[in-house]
Amino acid sequence: MASKATSATAVKAARRPEIRLPALEPFGDGELMPDGDYDGLELRELDFAGQDGGGARFMDCALTGCALDETRLHHARVLDSVLTGLRGVGTDLAESTFRDVELIDARLGGTQLHGAVLERVVIRGSKIDYLNLRTAKLKDVVFESCVLVEPDFGGARLERVEFVDCALRQVDLTGAVLKDVDLRGAAELDIARGVDRLSGSVISPAQLVDLAAVLAGELGIRVEG
């Protein structure tokens, strides 16, 4: 009976993307275009700052070392692609779709991903400040060795999401819905708002101790010596 109970309550692991890129053609020195269609391309060390690629589709692509400062990519679709060493501030990816994607060693700030859909995505070795994921849908997403400063998950839905060896600082979970979210691997877990939304997640005993004061405050419990 004990084993059945354990199996029934175990957190479900995220499914990871399996990406096999074909032989890629170089993108060249052109600019991004709204509703552009980019298939089987390598985009390397390019500066897309301030450009408009809203509604563009990237499929079977590798983006490496590209600058995305204030780049407009809302409603973009990124499919079966590997993104490495991206950097930028204020990148607009609102209501975009990422499916079967690896994002590696990114350095981003103020990235707008509100209303986005992320499915089978791995984000590894990245530092992202002020990430806006409000009302986004994350399913089968893994954050590995990342630093997330003030990420905003307000109203987002997270299912089978894992945080492995990550620092999560000043997280906002206001109105978020969590299901099979594994926070045990987070080396640092600091929840600024929405601690009441942790139902559906799994934390470690040490994390519970660290969150005790926040949880007590949420429940209206006074702790006095």
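## Strands and their pairing

Two strands are said to pair if DSSP finds at least two bridges between them. The strands themselves are DSSP runs of E, at least two residues long, and are numbered from the N terminus. The model described here is predicted, so local features need pLDDT of at least 70 and side-chain atom pairs count only at pLDDT 80 or more, while totals for chains, interfaces and linings use all residues. Residues are numbered from 1 along each chain as its sequence is written, and side-chain values use heavy atoms, with hydrogens and water left out.

Strand S14 has several partners. Strand S13 (residues 147-149) pairs with S14 in the parallel sense over three bridges, and Val 149 stands opposite Arg 169 in S14. S12 and S14 also run parallel, joined by seven bridges. Here Leu 138 has Leu 158 in S14 as its bridge partner.

S14 pairs with S15 as well, in the parallel sense, over 11 bridges. Within this pairing, Leu 168 stands opposite Leu 189 in S15, and Val 171 has Ile 191 as its bridge partner. S15 is in turn joined by two bridges to strand S16 (residues 201-202), and the two run parallel. The partner of Asp 182 in S16 is Val 202.

## The nonpolar core

A nonpolar core is a set of buried Ala, Val, Leu, Ile, Met, Phe, Trp, Tyr and Cys residues joined through side-chain atoms within 4.5 Å. Buried means under 20% relative accessible area, exposed means over 50%, and partly exposed lies in between (1.4 Å probe, protein chains only). The largest such core has 57 residues, and those with the most contacts inside it are Leu 43, Phe 58, Leu 138, Phe 143 and Phe 163. Elements giving two or more residues to this core include strand S3 (41-44), strand S12 (137-144), strand S14 (157-172) and strand S15 (177-193).

Contact means heavy atoms within 4.5 Å. Leaving aside neighbours within four places in sequence, Phe 58 is in contact with residues including Leu 32, Leu 43, Leu 63, Leu 73 and Leu 79. Arg 77 and Ser 81 are also among the contacts of Phe 58.

A disulfide is counted when a pair of cysteine sulfur atoms lies within 2.5 Å. A search of the whole structure finds zero disulfides. For Cys 146, the nearest cysteine sulfur is that of Cys 166, 4.7 Å away.

Conventions
Helices (H or I, at least four residues) and strands (E, at least two) are DSSP runs, numbered from the N terminus.
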